[in-house]
Amino acid sequence: MRKEDKGKIIELLAATVKEYSHFYLVDTTAMDAAATSSLRAECFKAGIKLMVVKNTLLHKALESLDIDYSPLYGCLKGTTGVMFSNVANAPAKLIKDKVKDGIPQLKAAYAEEGFYIGAEQLDTLVAIKSKNEVIAEIIALLQSPVKNVVSALQSGGNTIHGVLKTLAERPEA
């Protein structure tokens, strides 16, 4: 491969890393062409971009960026696929679903501005909540006290109304 071509690939990889807020490094060594194609199709459906890259080119692309990705450099061995996503846990869920077959295996991930090294981190990554999930939980928490107050006021109003009505209808003694 010519030096100019390598430079273009490094720039493309760096731009892709900047474009997506999360990426996962997976070991695709044991995957044949059909399995890789199937994985690509599933990634596409889930909004994940899958690229199989040369480790040295990815290493140089990561070095050229402002963030220190050095914790990931030790994982750049063997055949590496990179899953790019804007949803932190989407690749983890896909990998967990596919890992039943033993491949692809998680090497490392950069998600929510943190580094997760090793396949044992997969459950942690699956548990990360997406931005929309967190917003939904916050809204539910905020609505809960309001609903309780409204409910109490409505039931209290009925109770007070009932007491007043009973007192008004009571014969004078």
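Which residues make a nonpolar surface patch of about 220 Å²? They are Ile67, Phe115 and Ile117. Before going on, a word on the source: this is a predicted model, where local features need pLDDT of at least 70, side-chain atom pairs count only at pLDDT 80 or more, and totals for chains, interfaces and linings use all residues. Residues are numbered from 1 along each chain as its sequence is written, and side-chain values use heavy atoms, with hydrogens and water left out.

A patch takes residues with over 30% relative accessible area and no salt bridge, joining nonpolar side chains (Val, Leu, Ile, Met, Phe, Trp, Tyr) within 5 Å and like charges within 9 Å. A salt bridge here is a side-chain nitrogen of Lys or Arg within 4 Å of a carboxyl oxygen of Asp or Glu. Areas are Shrake-Rupley values with a 1.4 Å probe.

Ile67 sits in the loop between H3 and H4. Its relative accessible area is 39%, so Ile67 is partly exposed; buried means under 20%, exposed over 50%, and partly exposed in between.

Now the rings. Phe115 also belongs to a cluster linked by ring pairs, with Tyr20, Phe23, Tyr69, Phe84 and Tyr110. Rings of Phe, Tyr and Trp (its six-membered ring) pair if their centres lie within 6.5 Å; planes under 30 degrees apart are stacked, over 60 edge-to-face, the rest tilted. By this rule there are seven aromatic pairs. Tyr69 and Tyr110 are edge-to-face, because their centres are 5.2 Å apart and their planes at 80°. Tyr69 is buried at 3% relative accessibility, and Tyr110 is buried at 8%.

Notes
Buried < 20%, exposed > 50% of the residue type's maximum accessible area, 1.4 Å probe, protein only. Helix = DSSP H or I, 4+ residues; strand = E, 2+ residues; numbered from the N terminus.
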